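Hi,

Here is the structure I promised to send over. Have a look at it first, then read on for what turned up.

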Amino acid sequence: MDSFYIVGGSRLEGEVVVDCAKNALLPILAGSILIEGEILLKNVPKYSDVLAMCKILEHLGAKVRFEKGDFANEDLYIDCRDIIYSDVSNELASKVRSSIFTLGPILGRKGIAKVAYPGGCDIGLRPIDIHITALKQLGCKIVDKNGYIYADASKRRAEDVVLSFPSVGATENAIMFAVLGEGETRIFNPAREPEIVDLQNFLNCAGADIKGAGSNLIVIKGVKRLHTCSYKAISDRIEAGTFMIAGAMCAKNLVISNVNSAHNQELLCKLSKTACKIKVIDDKIIMKGGGRPQSFGEVETAVYPGFPTDLQAPMVSLACICDGYSLIIENLFESRYKHIGELLKMGCDIKCKNGVCIVKGREKIYGAEVISPDLRGGASLVLAGLVAEGYTTVDNVDLIDRGYYRLEDKLSSLGAEIKRIKCEKRVDNCD
Ligand code: EPZ
């Protein structure tokens, strides 16, 4: 796997444009299975998770191609007209969590499905029981055997679905299953993330009849079929948040563009307590450095619109250099603290017990050789490297590539000293 080599001490200056959201694109790619025609997704960053989902679609029989369009990133054309298969192998499914998002649409389109258990970041058990229960409530027959989900929708029915927890993926699966067919399906206690609203908007643009995404009740009226459409996903609130946290750590004059600040209210509120001066003008966040950040106090992760679990790790890195103590509580994933062991190598002062982290900010942290444990943990190590004294190498950068596209190029364009060391150039063996 590739590594990043970072020399600490730069201050970020200039403008960075946030890409389209990974966690909006992944369910939208799954939703394209429902559409018998070619769709166009504009300005699609080549996150490795997006490429993994494209491989799954091609395996099912879809035609997929990237083509230069009018935006910085290429456009993605997907034609699921000739989807003939309804199985997703372990080899394909185990690469990404979002592979499980294909279960609902394959079932909705083909009536049967055989999908292997998903992969994804190693941040907890990440069961799929809520997905299964939702589909059973809609009349599907589900057998969970040998690491595969075998599903049959021949006795499907439009019903009320109650999610025991507002799971993002389970909400998306239930929506996509209910789109084609008859009758009205209501989803109670759904997830309310902006990416769910984006999935609704994409499917409605293709002729679906979905209302209420983002609220506590989603209503889907089944339709016979969907038609082609072109769509651009929302901006990535987690990438935006990552750059905002980097700004709070080491901005001089930083402009973050293509941001929907309404999706980052919790973070903006926390960062307003640090020394950084922050202004929001239209889709831009303007950050002026203000010396060593003050502690933001405490962060407790929650489902949207609470503080996003995906920004917990970057916030820990900010806390490590703040003046004062910070408290960080992770409520969503039981093993989402693996970055802390790596931060301790950099001289950070962190105590962690039962999901509660107390961080004593240090004036200085030090470069080290660290290993990215997962996507957002890896990003937190990059941020720490930007401010550490000396140099830092971050290994397993392929995990970071899952959800940040060309991160090193974006940071370099802002004045950071960071470069990618391709695996084949390394002396030790590459895994
Ligand atoms: C989505 O994962 C995101 N991934 C995650 O982003 C994000 O952290 C998470 O939502 C929460 O916001 C994608 O959209 C591809 P959940 P998902 O189902 O759908 C438990 C990133 O870094 N649960 O809302 O898997 C689960 O274990 C990634 O971009 C069950 O118990 O999240 C967790 O504790 C990481 N049973 C909680 O619910 C289930 O059937 C939230 O999971 C499903 C979930």
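Before we get to the strands, one term: two strands count as paired if DSSP finds at least two bridges between them. Also keep in mind that this is a predicted model.

With that in hand, take strand β5, residues 75-79. It has a partner in β4 (residues 63-67), joined to it by five bridges and running antiparallel. In that pairing, Glu67 sits opposite Asp75 of β5. Strand β3 (residues 38-41) also runs antiparallel to β5, with four bridges between them, and here Glu38 faces Asp79.

Is β5 covered or open? Five of its five residues are buried. Asp75, Tyr77 and Asp79 lie on one side, Leu76 and Ile78 on the other, and both faces are covered.

Next, helix α7, which covers residues 194-205.

Last one: Lys270, in helix α9 (residues 265-271). Lys270 is buried, yet it makes no salt bridge. Which side chain of opposite charge is nearest? That is Glu266, 5.2 Å away, while a salt bridge needs the atoms within 4 Å. Beyond its neighbours within four places in sequence, Lys270 is in contact with Phe296, Glu298, Val299, Phe307 and Met315.

Cheers

Conventions
Residues numbered from 1 in each chain as written. Predicted model: local features only at pLDDT ≥ 70, side-chain atom pairs only at ≥ 80, totals over all residues. Heavy atoms only, no water. Helix = DSSP H or I, 4+ residues; strand = E, 2+ residues; numbered from the N terminus. Expected span 1.5 Å × (residues − 1). Buried < 20%, exposed > 50% of the residue type's maximum accessible area, 1.4 Å probe, protein only. Lys, Arg positive; Asp, Glu negative; His and termini not counted. Contact = heavy atoms within 4.5 Å.
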